[in-house]
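Trainee: Could you take a close look at one residue for me and tell me how it sits in the fold? I'd like the surroundings too, in plain words.

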Amino acid sequence: LHLGPDRIYQHALMEPIKKNGRPGNDWNYFFDFVEKTSGASVRIDPITGSSHLRIDGGNVKDDWDLDNQQVNSRIEIAMELISLQIELFRDHHIRKQRWGFGRDW
């Protein structure tokens, strides 16, 4: 997934998210949430650098229960979750900046 100008939100996507009131692990990560929700793993692409995310929906050859349609569905869900989160970050930062200058009332 090419982030393009949205790569400025990549650091925010990778930051730990604090879990409140849950025993055990005190931190959670957005990419872990995407993997648990969609079944596709997400990580930074080491070859192309910081403007790309690598989304892996599984390997059809390794898992007999998967077919290409299921893998593509997993990837599409993961891409949609990432796009929605970036939109939320963008909206949050725009509102925060407008609020700071008194224009969001």
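Mentor: S38 counts as buried, because its relative accessibility is 8% and buried means under 20% relative accessible area, with exposed over 50% and partly exposed in between (1.4 Å probe, protein chains only). Keep in mind that this is a predicted model, where local features need pLDDT of at least 70, side-chain atom pairs count only at pLDDT 80 or more, and totals for chains, interfaces and linings use all residues. Residues are numbered from 1 along each chain as its sequence is written, and side-chain values use heavy atoms, with hydrogens and water left out.

So where is S38 in the chain? It lies in helix α2, which covers residues 30-38; helices are DSSP runs of H or I with at least four residues, strands are E runs of at least two, and both are numbered from the N terminus. The side chain of S38 reaches two backbone atoms: the oxygen of V34 at 2.7 Å and the nitrogen of A40 at 3.2 Å. Leaving out residues up to four places away in sequence, S38 touches R74, I77 and A78, a contact being heavy atoms within 4.5 Å.

Now zoom out. The protein has three helices and four strands, running α-β-β-α-β-β-α from the N terminus on. Of its 105 residues, 22% count as buried. As for contacts with a separation of 6 or more, 45% come from residues 24 or more positions apart.

Notes. A polar contact is a pair of N or O atoms within 3.5 Å; within protein, one must be able to donate a hydrogen and the other to accept it, and residues adjacent in sequence count only if both atoms are side-chain atoms.
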